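Hello,

Here is the structure I promised to pass on to you.

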Amino acid sequence: MSRTALRICPLCEATCGLTLTVDGSRVTAARGDRDDVFSRGFICPKGASFGAVDGDPDRLRGPLVRRDGELREATWEEAFDAVAAGLRPVVERHGPHAVGVVLGNPNVHTVAGALYPPVLLGALGTRSLFTASTVDQMPKHVSSGLLYGDANAIPVPDLDRTDHLLLIGANPLESNGSLCTAPDFPGRLKALKARGGTLTVVDPRRTRTAKLADRHIAIRPGTDALLLAATAHVLFEEDLADVGALAPHLDGLAELRESLRDFTPEAVAAACDVDAEVPRLLARDLAAAPTAAVYGRIGSCTVPHGTLASWLVDVLTILTGNLDRPGGALFPQAATDRTPRPAGPGRGFALGRWRSRVGGHPEAKGELPLSALAEEIDTATEEGEPVRAVIAVAANPVLSAPDGDRLDKALESLDFMVSVDPYLNETSRHAHVVLPPPPPAQSPHHDFAFNTLAVRNQVRYTRPAVPLEPGRMAETEILARLILAATGMHGADPATVDAMVIDQTLRKAVREPHSPVHGRDPARWPPCSPARTARTAAGPDAPPRPLRRRVRRPAGRADPGEAARPSARHRPRAAAPRLPQPLKTRSGKVELLPEPIARDLPRLRAARDRRPAGLVLVGRRHLRSNNSWMHNIPALTGGSNRCTLHIHPRTPNASAYGTRPPSASRAPGERSRCPPRSRTPSGRAW
C-alpha cells in the first residue's frame, strides 16, 4: 500500500519541500509540498527525480574492501578494521598532515556531513584539508572574512522586498540560486518585476536569467571586478554614495574612496567591452532605487579577480546604504547558529596561516586549494611529507577538480585511501575501502549551511521517509566509526563521538557569559545515545542529539528541545537588521579596505590594459544538474544538448572551432549528449 512522506530536497541549495509517494520502501514519485512553510509547492526537475536518484540501482548497498588489487564486498566490521589498519600507520609514521581530507559539496546537503567532518579534522589534527569550496565560493568567504571578520557572514539579498536587484555572474533560473537559499528563485525574480522593481543582469552569456532582465550587460568574461570598481568610483565621483545608518559601523571609507580613484569608467570600458556610460548608469540606478541589492555568484568568483569582485559586490551595497537593511542585503539568523555574541571587537579573520607544501598556496578558512591536491600527493619536497593517505567524503575530484588526469594518477600512488560515497566512481575506484551511505530517503534531513544563507529565517526538520534498509548503516554511524578508526579509538562505541562533541559544546556554553545556559551544570543533560542507531530519548525518529542541542527558534530564544519531534516546521520570518552583532573584526566595524584587498588592487589596475591571448571559456549552469552523481540518472541527463561550445558571434573564424554561434539554427533531430558518469559494473569484484 502506498503512503506519503514529507522530505526536504537535498539536491540543490533551494531546500524545497517535497511530498513523496512511498510504496513499501521505494519512493515512486515526488511532487512539491504545497504546505511547506518555505517553498510553498515549488519543485524543479531535480526534485521531481528524487525517486530515481534515491533508488538508483547502481548505488552501492554495502562496503567494499580492496583485496588482491580488487574491490570486493565486505562486512561493515571488515571495512572499519581495514580503515584502522590502513590509516593509523600513516599517521604514526608520517604525521597527521600526511592524511589529506577531501570534502565534496554533498556534505552540506546532509545532517551527518555537517556534524561529523569537523570532528574528524579536529581529532586528526591535519592541515591537509581540500574541499569543493575552493573551486566555487571561496572568494566570497575570504571577502566576507576580511570585511566582517567572519568568513561565513555572507549578506543575502532580500529578494522579496528589494526594488532593484543587480545580479552578477549568476543564472538562478537554471541553478535555483547559490549562497542565497530561496525556493522558487525564478518566481521571486518575476515577482520583483511585477511589483515594479528592476532586474539588471551582468553576464557574458544571454542566459535564461539575462533574458528575463530589464537590462542585460554582456561584459567580457572575467572583468566583473573592473566594472564594479568603476561603478563604485562613480558613486564617489558624483556624490551618490550615501551610507546612511551604516556610518557608525564603517571603518576606512575615505581610504576606500582614494583606492578607487583611478578606476574611471573610461579606464575600464575597453577591458570590460562595454561603453563607459554603463557603470555610470549602474551607479545612478543603485543610488536612486528606494532599496537595492547586489548579488554575485560563481561567475564572479571563479575568475582571476574573484575575491576583489566579491568584495566590491558588498562595497556597492554598503555605499548605497543597503547593507543590513530590509530590501537590501541582510545577515540571516539560522536556528542552529551559535547564541549571538555581544557586539564588539572580535578576533578578526586570518588568511594564509599556513601554506601548501609544494605550491605555497595560502590556506583560507582552514582549507587548501583542491587544485593543489595532486601535487601534494605526487611531488616530493624538503618542506615535509607528501600526502600519503586520503579520506574522501562525498567527493569526486577526479571529475570535478582541475587537471583530473594528474589527480587520477596521483590517487593510484597513495598508501591508503578511504572513500565515503554511494557510487564506485572516477575517484572512489582508487580507494582501498569504500563506505556507502544510505539513499536520502533513509536519512533524516536538516539544512545547516543553507539556513544561514536563507532569504527567510526558518527551521525545518524531516525524518527518514523510509526505514533504514537491513544491511545498510546510517551516515551518522559511518562517520562516527570513521573518526574512531582514524584516531586510534577503533572498536569504541560510536556514541563516544557524540558524547564527546556534546560534552565539549555544553562545557563551552556554560562558560560563555552571554549564553542562555551560562553557569548551569552540564551534567544535568543526559548523555547521548549511540550514533549507530541515530535514536534519542525523544523517540526513534527524532533528530540525532548533536542536532537537537544546536537548534534554537528562529527568533533567537534557546530551545534545545524544539527539534525533538519527528518533524518540525516553523513559519518563516523575514530577516531583520543585525549590525553590529555579526561583526567579528578587530575594530568591531566593517573594515572597508582590508590590507590584503589593498595589496591586490594594483593587480586589478594592471588588468585594465591586458587581454586574453586566446578564447576565454565560461561555465554553464543546467537545471537538471548539480553534482556528478546526478549524471547517472537518465531523467536528468536527457533533453537539450549540454556539451555544445557556444561561441560569441563576433569571434573570428568561429566555424574553425567546430560549432555554431548561439544564434545559428540546428538541423531537425540533431543532438549530442555528454557521456554519463561511468556506471558501476555488475558482479562482486571491481
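The largest cavity holds about 90 Å³ of space. This is a predicted model, in which local features need pLDDT of at least 70 and side-chain atom pairs count only at pLDDT 80 or more, while totals for chains, interfaces and linings use all residues. Residues are numbered from 1 along each chain as its sequence is written, and side-chain values use heavy atoms, with hydrogens and water left out.

A word on the term: a cavity is a set of points, on a 1 Å grid over the protein atoms alone, where a 1.4 Å probe fits but cannot get out, and its lining residues have an atom within 4 Å of a point. Grid points are joined across faces, edges and corners, and the volume is the space filled by probe spheres set on the points. By this rule there are seven cavities of 30 Å³ or more.

Thirteen residues line the largest cavity, and Lys140, Pro155, Val294, Tyr295 and Gly296 lie nearest its centre. Strand E13 (293-296) and helix H15 (306-319) each supply at least two residues of that lining. Helices (H or I, at least four residues) and strands (E, at least two) are DSSP runs, numbered from the N terminus. By class, the lining has eight nonpolar, two polar and three charged residues. Here Ala, Val, Leu, Ile, Met, Phe, Trp, Tyr, Cys and Pro count as nonpolar, Asp, Glu, Lys and Arg as charged, and the others, Gly among them, as polar.

The second largest cavity has about 60 Å³ of space. Among the residues lining it are Cys9, Cys12, Cys16 and Cys44, along with Asn176. Its lining divides into seven nonpolar, three polar and no charged residues.

Now to the packing. The largest nonpolar core has 58 residues, and Tyr148 and Trp311 have the most contacts inside it. A nonpolar core is a set of buried Ala, Val, Leu, Ile, Met, Phe, Trp, Tyr and Cys residues joined through side-chain atoms within 4.5 Å; buried means under 20% relative accessible area, exposed over 50%, and partly exposed in between (1.4 Å probe, protein chains only). Elements giving two or more residues to this core include helix H6 (138-148), strand E9 (164-168) and helix H23 (595-607). Helix H10 gives the most, with ten residues. A second, separate core of 42 residues includes Leu121, Ala480, Leu482 and Leu484.

Strand E1 (residues 2-8) runs antiparallel to E2, joined by seven bridges, and Thr4 stands opposite Thr21 in E2. E2 is also antiparallel to strand E3 (residues 26-32), through six bridges; two strands pair if DSSP finds at least two bridges between them. Asp23 has Arg26 in E3 as its bridge partner. The hairpin of E2 and E3 has two residues between the strands, and Gly24 there takes a positive phi near 70°.

Lastly, some backbone details. A cis peptide bond joins Leu579 and Pro580, with omega about 10°. Asp184, which is not a glycine, has a positive phi near 60°, and Asp184 is partly exposed at 27% relative accessibility. Asp273 also has a positive phi, of about 60°, and sits in the loop between helix H12 (265-272) and helix H13 (277-288).

Best wishes

Notes
1 Å grid on protein atoms, 1.4 Å probe; cavity = no way out; pocket = protein on both sides within 12 Å on 5 of 7 lines; lining within 4 Å.
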